[in-house]
Amino acid sequence: MSNEIIYVGCDSSGYEMKQIILAYLDSKGYAYVDCGSGPENSRYPYYAAKVASAVSTGKASKGILICGTGIGMEIAANKFRGVRAALIGEANAARITRRHNDSNVLCLGGKMIGRWTAISIVETWLTTEYDGGHHQPSLDMIAELEACNFSDAVWCPDEVPYAPFQWNPNQTV
């Protein structure tokens, strides 16, 4: 474990898995900030922005995001400069995305994987170091791409930017 601060966020579909991950982080002594959401219906872009903007601006060294599939969180998080969010479903991929891509935001599908798989992924991702070396030119190219395509503005409202809503009960994951 290091002195890094991990920002953790979820939408309502990822709430149960977030509680499991926070308990794991507590048990290992990691410092973290819980960015929400709770169990109430919520929209993932807002929570992805809270975590990804913290990583992008240097407030957090790493972030963990959970929604039903992890897909929406990954898409939203990767809209932020300097964020390398990776949707991971097993521990070996967590190891490789840290070693080769220096991923700094881990995205998980709270409805797609079980608790022990999630803990294994989180533990592997947090304890694997970036290899650097021949991988660095690729990350440098991504930084150049971001410099061309992104402005310096960061979207992250202080208030939840949507009205309360109800899920369609016929919707599946």
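**Notes on strand β5 and its sheet**

1. Strand β4 (residues 85–87) and β5 are paired parallel over three bridges. Here strands count as paired if DSSP finds at least two bridges between them, and strands (E, at least two residues) and helices (H or I, at least four) are DSSP runs numbered from the N terminus.

2. Before going on, please keep in mind that this is a predicted model, with local features needing pLDDT of at least 70 and side-chain atom pairs pLDDT 80 or more, while totals for chains, interfaces and linings use all residues. Numbering starts from 1 along each chain as its sequence is written, and side-chain values use heavy atoms, leaving out hydrogens and water.

3. On the other pairing of β5: strand β3 (residues 62–67) runs parallel to β5 and is joined to it by five bridges. Ile64 has Leu106 as its bridge partner in β5.

4. β5 itself (residues 105–109) is mostly covered, with five of its five residues buried, that is, under 20% relative accessible area with a 1.4 Å probe, protein chains only. Val105, Cys107 and Gly109 are buried on one side, Leu106 and Leu108 on the other.

5. Now the whole sheet: five strands form an open sheet in the order β2-β1-β3-β5-β4, with parallel pairing. β2 (31–34) and β4 are the edges with a single partner strand each, so one side of each has no neighbour in the sheet.

6. At the β2 end, four bridges join β2 to β1 (residues 5–10), and the two run parallel. Val8 has Asp34 as its bridge partner in β2.

Definitions and conventions:
Buried means under 20% relative accessible area, exposed over 50%, partly exposed in between (1.4 Å probe, protein chains only).
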